[in-house]
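Biologist: Walk me through this model, please. I would like to learn how to read each feature in turn.

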Amino acid sequence: MTGTAKLTYFSHWRCPSNIALVKYWGKHDFQKPMNPSLSFVLQNSFTETSVELSKDSDQKVEFYFEGAISNFGERIKKYLIQLSGRLPWVSKYNFRIRSHNSFPHSAGIASSASSFGALALCLTELDFTLSGKETGNPDFWQKASELARMGSGSACRSVYPGFSIWGKTQLFETSGDEYAIPVTEGISPVFSGLRDAILMVDSGTKEVSSSAGHQLMTDHIYQRSRIAQAHENINELYLSLLTGDQEKFVAVVENEALSLHAMMMTSNPSFILLKPNSLELINRIRQIREKSGIPVCFTIDAGPNIHLLYFQENELEVRTFIERELLTFCEDGKWIDDGIGIGPEASPKPPSRQASPDPSEGGE
Ligand code: PMV
């Protein structure tokens with residue numbers, strides 16, 4: 001960049017990644033879900049992003065990831081163009097965006113949810129500042145969720161603490177396909193200490209992207225039954241969250257994870273993202289549950305890694321299982337120690353430029 005760019009506005013947010021328990025798979029129109037989904041945000045896996053707006057530099061969008069210019073900048077440029085209908089000021093400013101993930105690029109954690117979540121929060125804050133609106137306004141979160149959705153569907157669920165729902169469901173009048181809504185009221189305290197051990201089976205690049213997978217749902221032979229199943233599962237899961245029914249929770253969560261992968265295996269063309277060690281871990285987790293009676297279960301994203309979900313009260317026993325019986329099926333024994341989080345936070349501190357840490361045994 002040449003010349004002296006005058007800093008006019010600045011925003012910085014930290015936004016977590018999220019893991020779906022009822023899965024979004026398949027779209028309609030622009031980034032709208034075929035079925036409702038329910039997820040929770042993580043605490044330790046997040047993206048920090050800062051956006052600087054200036055008016056007199058010679059470059060429109062500069063995007064730095066972990067301190068270096070990144071190719072992801074092209075996707076961000078397209079995203080900003082798409083947003084110009086909603087945020088008319090976008091075309092009038094130059095952007096310098098810096099982003100940093102708390103987790104390594106190769107961890108197999110969906111970074112698009114936290115990345116677009118953090119960027120959408122910055123853009124929403126800037127939008128409110130430029131139009132003189134209070135950021136404490138409830139519209140703020142709704143708008144951030146909607147803008148995040150336009151970058152990556154699942155990102156719209158990252159802007160709230162704890163659990164959230166995206167997509168029209170009979171459970172909430174206020175639910176819809178445009179943005180996610182938080183689900184906080186009435187949740188049993190059993191779930192306030194929900195833990196997620198991300199067992200890393202393979203950190204390589206996925207053979208089939210999520211966007212290609214979503215597209216294959218458009219003519220999927222099981223499309224109608226999958227949509228019906230997701231509605232039924234979201235009702236059951238929400239009920240388990242209200243009543244603290246761990247047995248029901250375990251049953252629905254595993255059914256959803258396997259149904260997502262069943263959709264992949266039965267699409268045309270079909271694809272398989274699970275690896276032999278993913279199946280080993282699934283079987284071991286079920287055996288541990290049966291033998292010990294401890295309510296542990298798994299969920300799986302669009303990839304081979306296994307999220308082992310458990311409850312705070314069983315932390316000691318479950319960590320022993322992880323170390324003794326499960327890490328041998330993980331790539332280089334890697335796992336990330338995470339759990340339900342408190343959601344995004346604004347911060348005046350710009351993202352650190354240091355490289356992401358390696359996931360370690362125990363995560364930290
Ligand atoms: O947001 P996308 O387009 O990366 O899709 C994510 C889809 C799943 O992670 C498989 C499920 C979900 O609901 O997050």
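Modeller: Some ground rules come from the source. This is a predicted model, in which local features need pLDDT of at least 70, side-chain atom pairs count only at pLDDT 80 or more, and totals for chains, interfaces and linings use all residues. Residues are numbered from 1 along each chain as its sequence is written, and side-chain values use heavy atoms, with hydrogens and water left out.

Biologist: Which side chains have a polar atom by an oxygen atom of the ligand?

Modeller: A polar contact is a pair of N or O atoms within 3.5 Å; within protein, one must be able to donate a hydrogen and the other to accept it, and residues adjacent in sequence count only if both atoms are side-chain atoms. Ser 154 places a polar side-chain atom 2.7 Å from a ligand oxygen. For His 214 the distance is 2.9 Å, and for Ser 152 it is 3.2 Å. On its own the ligand has 380 Å² of accessible area, and the protein covers 91% of it. Such areas come from the Shrake-Rupley method with a 1.4 Å probe; for residues, only the protein chains shown count as cover.

Biologist: Now strand β12. Is it buried or exposed?

Modeller: Buried means under 20% relative accessible area, exposed over 50%, partly exposed in between (1.4 Å probe, protein chains only). Strands (E, at least two residues) and helices (H or I, at least four) are DSSP runs, numbered from the N terminus. Six of the six residues of β12 (residues 306–311) are buried, so the strand is largely enclosed by the rest of the structure. Ile 306, Leu 308 and Tyr 310 point one way, and His 307, Leu 309 and Phe 311 the other.

Biologist: Which strands pair with β12?

Modeller: Two strands pair if DSSP finds at least two bridges between them. Strand β10 (residues 194–199) pairs with β12 in the antiparallel sense over six bridges. Leu 199 has Ile 306 as its bridge partner. Strand β11 (residues 297–300) is also antiparallel to β12, over four bridges. There Phe 298 partners Leu 308. A hairpin of five residues joins β11 to β12.

Biologist: Where does Trp 166 lie?

Modeller: Trp 166 is in strand β8 (residues 163–166). Its relative accessible area is 0%, so Trp 166 is buried. A polar atom of its side chain lies 2.9 Å from the backbone oxygen of Asp 177.

Biologist: Which residues other than glycine have a positive phi?

Modeller: Gln 31 has a phi of about 55 degrees, and Glu 66 one near 50 degrees. Gln 31 sits in the loop between β2 (27–28) and β3 (32–33) and is buried at 9%. Glu 66 sits in the loop between β5 (61–65) and β6 (68–69) and is buried at 18%.
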